[in-house]
Amino acid sequence: MIPALNHAHQIGEPNRNSPRIKRLATFLRGLGHKPDALIQALHVAQGMYGYLPLDIIRFIASELKVPPSRAYGVVTFYHFFSLRPKGEHNCLVCTGTACYVKGAQGLIDRIEADFDVHAGGTTADNTLGLQTARCIGACGLAPAVTFDEEILGKVKADDVTRILRDKLAKAAS
Amino acid sequence: MSLQELKALEERAKARKTAKKRRLCVCSGASCLSINAGEILAGLKRLVVDKNLDADVEVLPSGCMGACNQGPLVLVQPENTIYQNVTPENATVIVDEHVAKNEPVSAMLLFAGTSQQPMLDSRQSDFFKKQVKVVLENCGLINPEDIEDYISVGGYQALRKAVCTMSREDVIAEMKQSGLRGRGGAGYPTGLKWESVYKYVGDVKYVICNGDEGDPGAFMDRSVLEGDPHRVLEGMAIAAYAVGASKGYLYVRGEYPLAIKRLEIAIKQAKKLGLLGANLFESDVGFDVEIRIGAGAFVCGEETALIASVEGKRGLPSPRPPYPAERGLWGKPTLINNVETYANVPPIVDRGGEWYSEMGMPKAAGTKVFALSGKINNTGLIEVPIGITLREVLFDIGGGIQGGGKFKAAQTGGPSGGCIPEQHLDTKMDYAALQAVGTIMGSGGLIVMDEHSCMPDVARFFTEFCMEESCGKCIPCRVGTKQMHGMLTKICTGRGTMRDLELLEELAPMVKDASLCGLGQSAPNPLLSTLRYFRDEYLAHIRDKRCPAGVCKMANAPAAEGVRQDSA
């Protein structure tokens with residue numbers, strides 16, 4: 001299974017001079033440092049880092065003047081936010097009803113077996129992350145899989161490994 | 001913008017359109033885009049220029065045309081001919097034959113090679129014939145990223161009419177007369193909701209658009225937001241005027257990046273023309289709207305949870321009353337409606353409540369958008385008058401069961417709804433009639449299952465969904481869904497006992513009655529509905545350790561009957 005997350009090394013003061021933090025700070029200023037901008041701020045931060053490092057959550061919390069506990073609570077409440085780095089490339093299998101009816105579980109089983117990865121985790125070399133989603137709203141294309149931002153429709157279990165390997169090879173070249 | 005300026009802009013936009021002999025709309029809904037529509041659009045644009053046809057032909061991206069299964073789609077106007085399975089390669093034929101020589105390409109017509117008859121005018125095909133488009137009337141026909149295209153079909157005229165010629169009470173009266181009910185699922189009369197927000201006194205009021213389309217298998221709101229975003233903005237602005245609000249929030253799922261992008265463009269364009277902002281049509285009425293992006297929590301579709309999320313908090317629901325109409329966002333009177341509800345508003349104001357009330361059923365006027373998916377030939381997006389039968393939807397419009405399979409059940413209402421079995425195929429798609437057969441209208445997801453779907457496993461699937469999406473605030477939902485899921489998993493792995501079934505039937509009503517919000521209150525519905533119609537399948541799993549549909553992996557060793565085992 002996926003190893004437990006070790007938070008200890010992440011908790012510290014963020015480096016306020018890093019370019020990314022500066023960009024984040026500018027964005028927060030633009031939002032007027034309002035506490036209700038917390039979710040928007042987390043969206044932006046995750047867009048920059050690919051996930052939400054704890055020091056960044058603390059930085060956002062202090063800038064928006066909300067307790068770190070509340071910011072952390074929001075992060076863990078919403079599925080979209082991740083405390084864990086994703087893979088370099090990410091495959092997301094839709095598990096909405098239409099995809100379920102058309103065999104999404106078969107796709108997950110096949111990817112997990114062929115890439116030695118668990119849903120919610122990444123491969124050992126971190127090249128591919130596997131996630132599941134509630135419904136990406138592409139029900140007409142069920143079963144649907146996304147590779148990074150691209151939607152792949154009507155994917156068959158027998159083809160999924162080949163498709164993903166092709167995508168990975170293309171992305172690496 | 002003044003009255004005259006809007007009229008002049010409409011005339012100009014119309015003239016620009018009629019100057020072209022043909023319009024080629026390339027479906028750029030999320031579904032078609034994912035299968036190369038972008039490349040087709042760029043290719044057609046290039047080709048039209050290369051062939052010196054650009055003076056007569058306009059190529060544009062449009063919203064979802066509905067027949068998603070046959071995509072990518074290209075619509076040729078004015079003939080209303082839709083071509084299916086277009087590729088960047090064969091798209092050139094449409095220009096060479098149809099546009100240049102007036103010779104339609106029959107082999108590529110929508111539904112060619114399927115059981116439905118392909119038609120030159122797609123509106124004559126079985127798929128479209130029984131549909132009535134109100135919410136989707138512009139979807140697929142206009143460029144969602146061009147406000148002038150929306151204005152050319154009369155866009156923002158309803159807002160002008162409301163602000164310039166109607167009192168707030170008039171607008172509310174029109175909504176009440178229309179008989180429109182909330183399209184998010186609960187079906188509360190929209191006019192009444194507006195009236196109660198209007199009546200609460202407050203210095204500040206808000207309107208919120210619920211675009212947190214969380215039901216798996218539902219993509220109606222996504223298509224409306226992607227295909228006709230101005231329509232929703234206009235509906236919100238009219239609602240804001242009616243209830244006396246000047247600020248709105250549009251809450252959209254984070255999973256819908258294209259919808260967010262198109263809304264951002266739409267808001268920017270509307271602000272630039274003065275159709276959003278202060279002093280609309282030189283009056284003292286103003287309306288400003290902000291997008292809030294959801295972060296993937298199903299419970300945020302519940303209105304009080306959604307309000308918490310807009311405030312930047314965990315999306316936990318709170319007990320009602322007080323209803324948001326009295327105390328909502330930041331404690332102020334707040335109107336919350338669903339995307340499809342707002343999209344119904346401009347035509348009601350424009351054409352009158354009476355016109356709208358004549359469609360549909362006496363107690364449920366108008367049309368409903370459904371997202372057809374699962375084991376059906378024509379997966380896609382449809383809009384039908386309320387009261388049409390399920391049989392008509394599935395077999396006339398939907399083209400029947402995929403692969404000639406046997407219909408087993410249709411699921412409506414997502415995790416809050418239930419299944420409709422074969423004996424109820426003639427049920428009317430109407431709030432009351434669906435409730436009578438044990439399901440709900442819901443937001444519009446309609447998933448078709450054939451004999452390869454195992455109903456206890458379907459119940460387990462939805463219960464797992466509710467268990468994971470339960471926010472954890474109240475115990476009946478948090479613990480109840482977990483226990484139901486445990487017992488259903490036992491049944492679906494061949495370890496279930498009759499005692500589990502008894503306990504499930506005892507627990508389900510408790511979860512229903514005691515949960516705080518709609519998520520828990522409706523979580524047992526899929527279980528209760530499948531038990532009502534497919535009890536024999538549960539018994540086969542428990543007694544014979546057999547899954548009739550061949551879906552469940554049953555444990556080898558049958559468990560002794562009546563012995564309570566550890567919950568899985």
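Analyst: Helices (H or I, at least four residues) and strands (E, at least two) are runs assigned by DSSP and numbered from the N terminus. By that numbering, His33(A) lies in the loop between helix 1 (19-30) and helix 2 (38-49) of chain A. This is a predicted model, in which local features need pLDDT of at least 70 and side-chain atom pairs count only at pLDDT 80 or more, while totals for chains, interfaces and linings use all residues. Residues are numbered from 1 along each chain as its sequence is written, and chains are lettered from A and ligands numbered from 1 in the order in which they are written.

User: What makes His33(A) partly exposed?

Analyst: His33(A) has 13 other C-beta atoms within 10 Å. A residue is buried if 20 or more other C-beta atoms lie within 10 Å of its own, exposed if 12 or fewer, and partly exposed in between, with C-beta atoms placed from the backbone. The value for His33(A) falls in between, so the residue is partly exposed. His33(A) also has a positive phi of about 55 degrees, although it is not a glycine.

User: Why does Lys545(B) count as partly exposed?

Analyst: Lys545(B) has 18 C-beta neighbours inside 10 Å, so it goes in the partly exposed class too. Its place is in the segment after helix 23 (535-543) of chain B. Lys545(B) has a positive phi of about 50 degrees and is not a glycine either.

User: Which strands of the open sheet in chain A are called edge strands, and why?

Analyst: The sheet has four strands in the order 2-1-3-4, with mixed pairing. Two strands pair if DSSP finds at least two bridges between them. Strand 2 (128-133) and strand 4 (150-152) of chain A each pair on one side only, and these are the edge strands.

User: How do you know that strand 1 and strand 3 of chain A pair?

Analyst: Strand 1 (residues 89-94) and strand 3 (residues 145-147) of chain A share three bridges, in the antiparallel sense. The requirement is at least two, so they qualify as a pair. Cys91(A), for instance, has Phe147(A) in strand 3 as its bridge partner.

User: What lies across these strands?

Analyst: Helix 6 (residues 104-115) of chain A lies across strand 1, strand 2 and strand 3. It runs at about 150 degrees to strand 1 of chain A. Axes here are lines fitted to C-alpha atoms, for helices over the stretch in contact, and angles run from 0 to 180 degrees between N-to-C directions.

User: In chain B, which residues of helix 10 meet helix 12?

Analyst: Arg222(B), Leu225(B) and Glu226(B) in helix 10 meet Leu258(B), Ala259(B), Arg262(B) and Leu263(B) in helix 12. Two residues are in contact if their C-beta atoms, placed from the backbone, lie within 7 Å. The contact has four nonpolar, no polar and three charged residues. Ala, Val, Leu, Ile, Met, Phe, Trp, Tyr, Cys and Pro count as nonpolar, Asp, Glu, Lys and Arg as charged, and the others, Gly among them, as polar. The axes of helix 10 (residues 220-227) and helix 12 (residues 257-272) of chain B come within 8 Å and cross at roughly 35 degrees.

User: How many residues of chain A are in contact with chain B, and what classes are they?

Analyst: Here 31 residues of chain A are in contact with 37 residues of chain B. Helix 2, helix 4 (68-77) and helix 5 (97-101) of chain A each give two or more residues to this side. The residues on the side of chain A divide into 20 nonpolar, nine polar and two charged.
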